[in-house]
Amino acid sequence: MRKGRLVARHLSALFSASALFFLLAIGRAQTPQSGKPSGTGGIASGGVFKAQFDSAHRPITAGGTVKTGPVVFRNIAAKAGLTVWHRTSGSAEKRLILEAKGGGVALLDFDNDGWLDIYLVNGSTVNALDGKETPPQAALFHNNHDGTFTNVAVQAGVTNDRWGYGVVVADFDNDGWPDIYVTNFGKNRLYHNNHDGTFTDVADKAGVALGTWSTGATFGDYDGDSNLDLFVAGYLQYDPRNPPMPGSKTAGASGCQFRGVPVMCGPRGLTGEHDRLFHNNGDGTFTDVSQKLGVGDPDGYYGLGALFVDVNNDGHPDLAVANDSTPNYLYINKGDGTFEDRSYLSGYAFNGDGREVANMGIAAGDYENNGHMDLLNTTFADDNDVLFRNNGAGDFTDVSYASGMAEPTIPFVSFGDGFIDYDNDGWKDLFIANGHVYPIADRHPEWGSSYAQRPLLFHNLGNGKFELVPPVEGTGLAEFSVGRGAAFGDLFNDGKIDVVINNADGVPVLLRNVNPDRHNWVELNLIGGPGSPRDAVGSTVYLSADGMRQRGDVLSGGSYLSSNDLRVHFGLGDATDGGTAEIHWPSGKKETVRLPVVNRIFTITEGQGITAALCAGQPCMPTSGSK
């Protein structure tokens with residue numbers, strides 16, 4: 001595989017991108033990984049079908065639980081007050097692809113009180129689109145600092161009233177307050193934070209409303225002017241007056257069947273929507289530079305996940321796009337305000353068998369602690385989720401099987417994903433939220449699958465391999481839901497990473513981290529100075545503590561249509577010293593800051609060192625000698 005990729009590099013000067021596509025696809029198809037499924041990928045057809053059941057003959061997606069074992073998460077959504085809200089995603093039968101994709105979730109501190117709040121995107125119904133009924137509303141749950149949350153979406157003015165899909169958070173105007181961008185079927189929203197607990201939709205004025213079917217979005221300063229730019233993935237072109245149904249002309253050749261059973265149509269056979277990159281003009285407006293910079297998706301692939309992330313360690317954010325049933329995109333930032341399309345040469349376009357799969361979400365993290373950002377793409381059933389190991393310069397190898405995380409994911413339809421150090425041992429673990437797109441799965445037990453599915457948690461063994469954490473009955477890992485977007489962050493300021501899942505139909509899941517480890521940790525709330533975005537998106541931190549060096553990045557977006565805690569979290573194991581943080585700011589400046597104590601949330605302002613700290617959620621002295 002590596003030899004084939006090197007050959008492709010030498011040939012790049014002689015062959016067009018399409019020729020390279022052909023060579024790489026053939027080369028990979030001839031070197032399959034042993035035991036891996038083969039097939040065409042995609043929602044309508046994945047790899048080789050093999051039903052899996054547990055000892056009670058339950059589909060493994062709705063079973064596989066154990067009586068005893070480690071208790072990592074508990075679902076406290078009801079106790080926290082989140083279950084007063086319900087996501088609506090069209091009809092229960094999911095006859096239309098518009099109804100099946102689900103929505104995202106964002107964790108943000110919208111009122112700057114030091115505690116994470118929760119934004120949940122709602123869907124809609126065909127009748128609401130036609131004006132025949134009141135559309136569902138999104139939720140903004142304010143953190144009450146006592147383990148409970150209150151929905152303040154109406155007061156805040158962020159209810160949306162459109163068919164929502166994704167959400168991403170960033171301070172796009174550098175005023176020190178997080179803003180919210182919501183992607184919809186139809187016009188998108190850009191909610192500007194008014195600093196008083198309310199927001200104003202400025203999408204039309206800013207020029208980022210669009211009006212198509214948008215999905216994943218991500219903010220990043222691609223040209224280094226300190227203003228965060230916005231990338232928006234497009235899914236497909238959809239006419240609600242003439243929806244793709246079995247036998248209709250708009251359904252094309254997709255077949256509208258899964259395992260011989262009639263299902264909703266798409267995405268295969270339908271016309272894809274194009275992606276958009278908006279340059280931030282620094283005056284509250286954006287300019288569409290997609291075509292100019294070659295990132296507009298001329299082939300109309302079915303975009304879902306999107307993330308600005310520096311994969312080659314040059315200090316400039318690159319752009320990864322996860323495409324459903326079509327090859328992924330990886331655009332490398334050349335550092336001069338332009339990109340190079342290295343989707344195929346990098347190894348990110350396909351899985352290790354040289355096939356496109358139904359890519360959903362993107363997680364980014366340095367799971368080997370070697371300083372390189374690796375990527376995890378979630379996929380559809382019968383294909384394993386794909387772990388792309390970064391070889392150091394933005395070239396990737398599919399190590400899904402070698403890492404031990406491939407086979408357990410094959411029966412699941414996976415969406416939200418994240419690299420999280422759930423036990424604070426200093427090694428990033430993997431969390432994956434799952435849920436089928438076909439409710440009819442429950443009527444076909446021979447599939448070995450189910451509509452509601454349990455999440456998966458993989459423990460990092462520290463040697464490049466992962467081990468599945470058993471789902472103990474009655475705990476969060478045995479929570480069955482139709483999972484879609486998932487966001488990760490320290491909701492209770494206790495140094496443990498929690499998970500919020502937005503389900504396709506139903507109430508949210510809030511998995512509080514109750515793992516009994518007593519490991520230490522630190523978190524960094526970064527504030528950019530002149531030359532950097534105010535919220536420090538695009539920063540990279542290398543933390544050296546107790547002989548271990550970890551990497552953490554400030555990223556806007558990721559997972560599936562979601563946005564995570566912008567604070568950088570590091571588990572320290574048994575270390576009793578916070579270590580030393582080497583911060584690479586987006587401005588290009590590097591700063592070394594000593595963290596004198598553990599179990600603190602430190603605020604670090606560019607050029608000033610530690611400027612504040614939280615202890616058990618309350619302000620405390622940062623201690624001296626911090627820089």
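Mentor: Lys-94 counts as buried, because its relative accessibility is 3%; buried means under 20% relative accessible area, exposed means over 50%, and partly exposed lies in between, with a 1.4 Å probe and protein chains only. The model is predicted, so local features need pLDDT of at least 70 and side-chain atom pairs count only at pLDDT 80 or more, while totals for chains, interfaces and linings use all residues. Residues are numbered from 1 along each chain as its sequence is written, and side-chain values use heavy atoms, with hydrogens and water left out.

Lys-94 sits in the loop between helix H3 (77-80) and strand S2 (105-108); helices (H or I, at least four residues) and strands (E, at least two) are DSSP runs, numbered from the N terminus. The backbone of Lys-94 has a positive phi of about 55°, although the residue is not a glycine. Most residues other than glycine have a negative phi, and most peptide bonds are trans.

His-145 also has a positive phi, near 70°, and is likewise a residue other than glycine. His-145 belongs to the loop between strand S4 (139-143) and strand S5 (149-151). With a relative accessible area of 37%, His-145 is partly exposed. A further backbone feature is the peptide bond from Gly-266 to Pro-267, which is cis, with omega near 5°. Pro-267 lies in the loop between strand S13 (261-262) and strand S14 (276-280).

Pro-471 is found in the loop between strand S27 (466-468) and strand S28 (483-489), and is buried, with a relative accessible area of 5%. Not counting residues up to four places away in sequence, Pro-471 touches Gly-64, Thr-65, Val-66, Arg-454, Leu-477 and Ala-478, where contact means heavy atoms within 4.5 Å. The C-alpha atoms of Pro-471 and Phe-73 are separated by 9.8 Å, and these residues are 398 residues apart along the chain. Ala-536 is placed in the loop between strand S31 (520-527) and strand S32 (540-545), and counts as buried at 0% relative accessibility. Leaving aside neighbours within four places in sequence, the contacts of Ala-536 include Val-554, Trp-585 and Pro-586.

The aromatic rings come next. A search of the whole structure finds 25 aromatic pairs; rings of Phe, Tyr and Trp (its six-membered ring) pair if their centres lie within 6.5 Å, and planes under 30 degrees apart count as stacked, over 60 as edge-to-face and the rest as tilted. The rings of Phe-258 and Trp-447 have centres 5.1 Å apart and planes at 85°, so this pair is edge-to-face. The pair links distant parts of the chain, 189 residues apart: Phe-258 is in strand S12 (residues 257-258), and Trp-447 is in the loop between strand S25 (429-434) and strand S26 (456-460). Both Phe-258 and Trp-447 are buried. Tyr-344 and Phe-350 form a tilted pair, with 5.7 Å from centre to centre and 40° between the planes.

As for the whole protein, the secondary structure comes to 8 helices and 39 strands. Buried residues make up 63% of the 627 residues. Among contacts with a separation of 6 or more, 61% are between residues 24 or more positions apart.
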